[in-house]
Amino acid sequence: MAAALVLAARGRGLSAPNPNVGCVIVRQGRVIGRGWTQPGGRPHAEAMALDQAGAAAAGATLYTTLEPCAHRSARGPACSDLLVAAGIARVVTALRDPDPRTDGEGHARIAAAGIAVTNDVMPDEARRAMAGFLTRRAAGRPHVTLKLATSLDGCIALHSGASKWITGPAARAHGHLERARHEAILVGRATYDADAPRLDVRLAGLEGRSPRRLLMTRMDAPEGWEAVRGPAAIREIEGVDHLLVEGGAQTAAAFLRDDLVDRLLLYRAPILLGGRQAVGDLFLNIVDPAHGRWRLIDQRPLGSDRLEVYERARS
């Protein structure tokens, strides 16, 4: 399942509105098929893996990060039907599909054909891997990641506005990789006016995965940009399940005040600036409500900088 989750990451930012699923088929201890949801949502991961495995899929075990779909579509057959036809002996899944067209029906159809079914294998990791699809289903909006690149004292720029560069090359490269994993990226009007950001992906081989550019503004958006009137308006953006918010301080505060940030990327450089703070006023009157809201899930050095990844702790 861990290998299937790695494959699922390949489709992140490319498969919306479909989930970015990963799939591995194993027979006699050997991987005979691999698949992940292709750009635009088809073929599905299971279909890709079955096509690669061919006749050898009969009697094999299939690992997939999400319950195989049960609904038929003009774009392709139901994956649960494909598994039955291929003669798969066992199916292992990480999560049940919340799509009402499947939601348990995929597992039931497979089991009715005599195929052994095991569910809930590495479910927490799968929720993170397919967070965009699951957030869209549960909350009706994209999964939102807020990126902050700061000094040790929490600054994103000098008082003059100068900010290039706070973090080093390794941290900036990681930031570009994160851009490639999102369908859209958003900044506020002040950041646009001050920095004229390109917001593209500048990593060799991934330039084509530059996200759509969104500008939070009450005015018309410039050419090549899309206007978003406020944080709540992200629910209206079609084809975006993963949204990266990059700046600035007031935009970050607006998303945090509306409790719309699901994941926080904090790149911290070993410098002190005494300048402009990364986040604007959150309108807190006491400290207590700030506690218990964020859970650290990853941390690592990136050159001389450090990355910390937090998830919003939700019930």
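This report covers the strands, pockets, cavity and selected local features of a predicted model.

Local features need pLDDT of at least 70, side-chain atom pairs count only at pLDDT 80 or more, and totals for chains, interfaces and linings use all residues. Residues are numbered from 1 along each chain as its sequence is written, and side-chain values use heavy atoms, with hydrogens and water left out.

Helices (H or I, at least four residues) and strands (E, at least two) are DSSP runs, numbered from the N terminus. Buried means under 20% relative accessible area, exposed over 50%, and partly exposed in between, with a 1.4 Å probe and protein chains only. Two strands pair if DSSP finds at least two bridges between them.

Strand β11 spans residues 242-247. Of its 6 residues, 6 are buried, so the strand is largely enclosed by the rest of the structure. Strand β6 (residues 143-150) runs parallel to β11, joined by 4 bridges. In that pairing, T145 stands opposite L244. Strand β8 (residues 184-188) also pairs with β11 in the parallel sense, over 4 bridges. Here A184 faces L243.

## Strand β15 and its partners

In β15, 7 of the 8 residues are buried, so this strand too is largely enclosed by the rest of the structure. β12 pairs with β15 in the antiparallel sense over 6 bridges. L265 stands opposite V309 in β15. β14 and β15 run antiparallel and are joined by 8 bridges. L296 is set opposite Y310 in β15. β14 and β15 form a hairpin with 2 residues between the strands, and in it G303 takes a positive phi near 65°.

## Pockets and cavity

The search uses a 1 Å grid over the protein atoms alone. A cavity is a set of points where a 1.4 Å probe fits but cannot get out. A pocket is an open set with protein on both sides within 12 Å along at least five of seven lines. Lining residues have an atom within 4 Å of a point. Grid points are joined across faces, edges and corners, and a volume is the space filled by probe spheres set on the points. For lining classes, Ala, Val, Leu, Ile, Met, Phe, Trp, Tyr, Cys and Pro count as nonpolar, Asp, Glu, Lys and Arg as charged, and the others, Gly among them, as polar.

| Space | Volume | Lining by class |
|---|---|---|
| Largest pocket | about 1,200 Å³ | 18 nonpolar, 14 polar, 12 charged residues |
| Second largest pocket | about 1,100 Å³ | 12 nonpolar, 5 polar, 16 charged residues |
| Largest cavity | about 30 Å³ | 3 nonpolar, 6 polar, 2 charged residues |

The largest pocket has a volume of about 1,200 Å³. It is lined by 44 residues, of which S163, T191, D195, E246 and G247 are the closest to its centre. Elements that give two or more residues to this lining include β6, β8, α8 (189-195) and β11.

The second largest pocket has a volume of about 1,100 Å³. Its lining holds 33 residues, and the closest to its centre are R127, R128, A129, A131 and E311. α5 gives the largest share of this lining, 5 residues. Elements that supply at least two residues each include α1 (2-10), α6 (131-139), β12 (263-268), β14 (294-302) and β15 (305-312).

The whole structure has 1 cavity of 30 Å³ or more. Among the residues that line the largest cavity are G11, N18, F133, E183, D241 and H242.

## Helix α3

Helix α3 covers residues 79-86, and C79, S80 and L83 are buried in it. Seen down the helix axis, the buried residues fall within an arc of 105°, so they line one face of α3. That arc is taken over the directions from the helix axis to the C-beta atoms. These buried residues pack against α2 (45-53), β3 (61-64), β4 (90-93) and α4 (105-112), where contact means heavy atoms within 4.5 Å. G87 follows α3 and has a positive phi, near 80°.

## Residue P211

P211 is in the loop between α8 and β9 (212-216). Is P211 buried or exposed? P211 is buried, with a relative accessible area of 9%. Beyond its neighbours within four places in sequence, P211 is in contact with R179, H182, E183, A184, I185, L199 and V201. P211 and Q250 are 39 residues apart along the chain, and their C-alpha atoms are separated by 22 Å.
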